[in-house]
Amino acid sequence: MNAIKFDIVKKMSDEAPGSLGRAGVISTAHGNIQTPAFVTVGTKATVKGITPEMLKETGAQVMLANTYHLYLQPGDELIHKAGGLGRFSGWNGPTMTDSGGFQAFSLGAAFGKDLGKLVKGEGGKGAAGEMPLSETTETAKAMKAKAGGRDSLNAQDGAALKPAQVDENGVMFRSVIDGSAHYFSPEKSIAIQHNIGADMIFAFDECTSPTESLSYQRQSLDRTHRWAKQCLQYHHSKDNAERQALFGVLQGGRFEDLRKESAEKLAAMRITDRNGVEQGFDGFGIGGSFAKEDMSSAVAWVNSVLPEEKPRHLLGIGEPEDLFMAVEQGCDLFDCVLPTRNGRTGTVFTKYGKVNIGNTKYRDDLGPIDEGCECYACKNYSRAYVAHLFHAKEMLAGTLASIHNLHFLIKLVDNMRQAILDGNFAEYKKNFLGLYLKD
RNA sequence: GUGCCCAUAGCUUAGUGGUAAAGCUCCAGUCUGUGGAUCUGGCUACGAGAGUUCGAUCCUCUCUGGGCACC
C-alpha cells in the first residue's frame, strides 16, 4: 500500500513525439494534486504573510515546509504533538517537507558567496575543470557580518564559522537563530520529517554548486546516493512509510554522465522493509544549483531516464520560462520562494513581465496589478493602493503582492496542464512567453 | 535692544583658499528546495549680496533665517 498514487492522464507525446511532458493526478491522504502543479513554499509552516484560507483562494494545492527550519523552531516534537504540519499550520491540503539538504548548501558551500539556486552570468562556464571556491576577503566579510561582527576574522577561521559543514555521515548545522550546533544524518532528517508528518518528504542530499570540480561532484554524488539508501531504509523501518511518500533527490552538477547515473541509481534503488517487501522511492526530486543555461539540459537528461510512472519534482524552480521548460521536459511538481519573496519586496508578475509595483509610475495607476487577473488582490485593489502600501511599509503590501504572485504562478502551471490536456501546449507557451519576455 | 554661536543633499552631519564626503530618506535595479534580508547603481547641497584673492563653500562685511545669553 503506497502513501501516494500517481496517475498520468495525458501525455504530450500524443501530439509532440518525443516530448516528455504529461498531465496527471497525485492522490494523497489530504487530497489530490492535479499535475503539473506549482507547490507553494511555507518554510516555517506558513506561507509568509498568507493565511491558509487566502492560500486556498490563490488556487494552491500543496504547501512545502522545511525540515531544518522547523526542527530549530518550534521543534519537530511539538509539531508531532500538534497533529502534524497540516493540523499545526491550519493548511489541510497536501503537504511536503524539504529535507534540509539545501541548507547544507546555502549555509555551507554557498554561504557568504554570490551563489544560490541559480548561478549568475556565465556561471559554470569553464568550470567543468576547476573553479575552486576560494575563501575570499569578500566571503570573510560576509561571514563576519553574519557572525555578529567579530574583528579578528581571516580566511582560515572563516571556514569554521560557516553555519553548515558536510562530512561523510551528514551535516553539522549551526542554528541561524542562536548559533547552537546540530548534526543531521540522513536518518535524523527522515526522523524529523516523520514527526512533521507531511504527505511527501525528501531524502537528505547534498546540493552542490555548478562551480565544483568533477572530482568533488563525483565524491558528493556517491555520498548523496549512499544517504538516499539510508533514508529509504530508515523510512521503511517505520510505519510512517504507509502514510508518507519518500522522494529521492538527484544531483550530479552539470555533468551528463553523473546526472544520468543519479537518475538510474535512485530509480533502481530498493530496500527490503520490515515485512520483507521491496521498496523504492515514491517519486524523485531534481536538485542542484544551476547555471541558468544548464538547467534545461540537466532536466532533460534525468527525465529521459527516470521511470515514467513516478512523479518528478524540480526543486526550487519558479520563473515562468523555467516552468515551461520543465513541464515540457516532464516535471510534475515545482516549488519556489519567488512569488512570496518577490511579493514581499514589491516585485509582481504580470503578463508583460515582472514589475516593481512601488515604482513612481504606479502611484496613481488605478488599474489592477495585472489586467484580467482573477486573484483577490487584482479583483479588489489598484496598483496605486498596493504601491501606497509598499511606500507606507504596511504589512498588507507584502500580503497582497504575495497573493497575486502565488496566484499568477499557480494559474500559469494550471494553464500549462490544461494546455497539455487540450493538446496545445506549444501554442500556449509561445503566446504566453511572447508577451511575457518581450521588452 | 545688546552680545555670542550657527547656516553644506529631503534629514542628520563631515570637510576644504583650487567647487565637496558619509549615513538615513528618496529613485531605480537585484531576488529561483526563504532571505520581511542583502547587495548594486542613481538623483539632490555649500542661505543671499558685496569685498579680499589668480581663484571663496572656506577669510572679511552686510543682510536674511535659526539658537543661546543678558537687558
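**Helix 8 and beyond**

Analyst: Helix 8 (residues 186–196) is mostly covered, with 8 of its 11 residues buried (20 or more other C-beta atoms within 10 Å of a residue's own, C-beta atoms being placed from the backbone). Helices (H or I, at least four residues) and strands (E, at least two) are DSSP runs numbered from the N terminus. This is a predicted model: local features need pLDDT of at least 70, side-chain atom pairs count only at pLDDT 80 or more, and totals for chains, interfaces and linings use all residues. Residues are numbered from 1 along each chain as its sequence is written, while chains are lettered from A and ligands numbered from 1 in the order in which they are written.

User: Which residues in helix 8 are buried?
Analyst: Pro186, Ser189, Ile190, Ile192, Gln193, His194, Asn195 and Ile196.

User: And what follows helix 8?
Analyst: Gly197, with a positive phi near 80°.

User: New topic: which strands make up the barrel?
Analyst: The closed barrel has 8 strands, running 4-5-6-11-12-15-17-18 with parallel pairing. Two strands pair if DSSP finds at least two bridges between them. Strand 11 (residues 200–202) and strand 12 (residues 245–250), for instance, pair over 3 bridges.

User: What's the bridge partner of Met200 in strand 12?
Analyst: Ala245.

User: OK, how many residues surround RNA strand B?
Analyst: 45, and the closest are Lys117, Cys207, Gly287, Gly316 and Thr340. Near here takes a C-beta atom, placed from the backbone, within 6 Å of the strand.

User: Which helix gives the largest share of that surface?
Analyst: Helix 13, with 5 residues.

How values were computed
A residue is buried if 20 or more other C-beta atoms lie within 10 Å of its own, exposed if 12 or fewer, and partly exposed in between; C-beta atoms are placed from the backbone.
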